[in-house]
Amino acid sequence: MKLFYFLSATLFVFLSCSKNDEITPVESLYFPPTGSNWEKVTPASLGWDESKIPDLKSFLQTSNTRAFIVLKDGKIVIEEYFGKQSNSTADFTVTSNWYWASAGKTLTSAIVGIANSQGKINFDAKTSDFLGVGWTSLTPTQESKITVRHQLTMTTGLDDGVANKDCTDKACLIYKADPGTRWAYHNAPYTLLDGVITNATSKTLNAYISEQLLTKIGMDGSYLKIDLNNVFFSTPRSMARFGLLLLNKGKWDQTQLIPEDYLTLMTTTSQNINLSYGYLTWLNGKASSMVPGSQVVFPGEITSNAPDDMFAAMGKNGQLINVVPSKKLVMIRMGDVPDASLVPLTFQNEIWAKLNSIIIN
């Protein structure tokens with residue numbers, strides 16, 4: 001009888017440990033302290049092929065890259081800087097600032113998720129509850145159907161075929177389809193989320209994001225008005241910090257900042273039109289995808305060379321945050337235009353072709 005209990009207890013402990021091993025990574029993620037110190041690890045120590053890194057660096061340099069960082073388990077494995085700062089003869093370095101372009105959409109999405117968890121924004125609330133009735137040129141009935149969720153998923157139904165897709169004046173916001181029935185990469189409805197956040201929280205966008213996120217994970221940066229857009233600027237390592245936060249499901253070390261259920265929402269297909277789009281976040285590994293400026297549904301995933309579970313913040317001229325939970329990797333790239341596309345899908349795929357030759361396990 002004692003032997004039976006001993007074997008039963010041993011089996012219970014074994015099964016419990018096995019279950020925990022499946023849920024919890026063997027090694028916990030590293031979170032850099034506030035400041036300039038960030039632990040590094042060599043590619044060789046991870047079993048990566050260092051001989052292929054010069055080819056990657058050459059590709060990055062010739063494609064107008066300014067900053068490139070790869071994190072593994074939160075630690076820096078690759079960190080490279082190229083070229084000059086904007087409108088300057090000074091070299092681009094770890095302390096240089098650069099724009100995120102539409103990669104900042106994913107950051108805005110995270111802020112809306114935080115405001116939702118605080119009861120300040122309901123995703124299914126009418127956008128007019130925050131911006132006032134008449135923020136578009138639609139009829140009151142048409143306008144009342146547009147919600148915050150539609151803004152987060154690019155499904156407002158507003159016409160992206162207008163002369164200026166960035167224009168947020170009501171005259172530029174005209175009816176094309178019922179909300180939720182059409183996906184279109186349209187900057188203006190997204191930009192108006194800034195007003196939603198401000199009116200919901202009674203704080204400016206920069207004040208709210210600084211209070212709720214930036215200061216808590218050691219990020220620098222702010223949104224600046226560029227023409228009709230609010231564009232986020234930061235140093236490269238701050239972009240990498242945000243990627244690390246996403247990798248850990250919205251939790252910085254032991255502090256949950258972005259609700260985990262919202263992080264799941266961000267990285268799950270948000271509608272049945274563009275399967276590769278979540279909540280202002282691009283998703284890999286899906287059966288089909290759409291691209292900005294087109295209504296064509298293309299077969300296949302957005303980045304065939306990347307792992308299927310990769311999700312991404314992507315912006316004009318190749319501003320990238322790629323997060324790969326299965327490999328505990330974060331990759332960021334800042335720089336000038338590598339190609340002519342609005343969102344650099346081909347360029348991102350080329351980077352992953354280079355990375356795959358390096359990351360061999």
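Which strand supplies the largest share of the lining of the second largest pocket? Strand 5 does, with four residues.

This is a predicted model, so local features need pLDDT of at least 70 and side-chain atom pairs count only at pLDDT 80 or more, while totals for chains, interfaces and linings use all residues. Residues are numbered from 1 along each chain as its sequence is written, and side-chain values use heavy atoms, with hydrogens and water left out.

**View 1. The second largest pocket holds about 580 Å³ of space.** Of its 24 lining residues, Ser-102, Asp-166, Asn-187, Asn-229 and Lys-316 are closest to the centre. A pocket here is an open set of points on a 1 Å grid over the protein atoms alone, with protein on both sides within 12 Å along at least five of seven lines, and lining residues have an atom within 4 Å of a point. Grid points are joined across faces, edges and corners, and a volume is the space filled by probe spheres set on the points. Helix 7 and strand 5 (229-234) each put at least two residues into the lining; helices (H or I, at least four residues) and strands (E, at least two) are DSSP runs, numbered from the N terminus. By class, the lining splits into ten nonpolar, nine polar and five charged residues. Asp, Glu, Lys and Arg count as charged, Ala, Val, Leu, Ile, Met, Phe, Trp, Tyr, Cys and Pro as nonpolar, and the others, Gly among them, as polar.

**View 2. The largest cavity has a volume of about 70 Å³.** A cavity is a set of points where a 1.4 Å probe fits but cannot get out. Its lining has 13 residues, with Met-154, Thr-155, Thr-156, Ala-184 and His-186 nearest the centre.

**View 3. A disulfide ties Cys-167 to Cys-172.** The sulfurs sit 2.1 Å apart, and the cut-off for a disulfide is a pair of cysteine sulfur atoms within 2.5 Å. The link is right-handed, with 70° about the S-S bond. Cys-167 is buried at 8% relative accessible area, and Cys-172 counts as buried at 18%. Buried means under 20%, exposed over 50%, partly exposed in between (1.4 Å probe, protein chains only).

**View 4. Helix 2 (residues 53-62) buries Ile-53, Leu-56, Phe-59 and Leu-60.** Seen down the helix axis, these buried residues fall within an arc of 125°, so they line one face of helix 2; the arc is that of the directions from the helix axis to the C-beta atoms. The face turned away from the buried side carries exposed Pro-54, Gln-61 and Thr-62.
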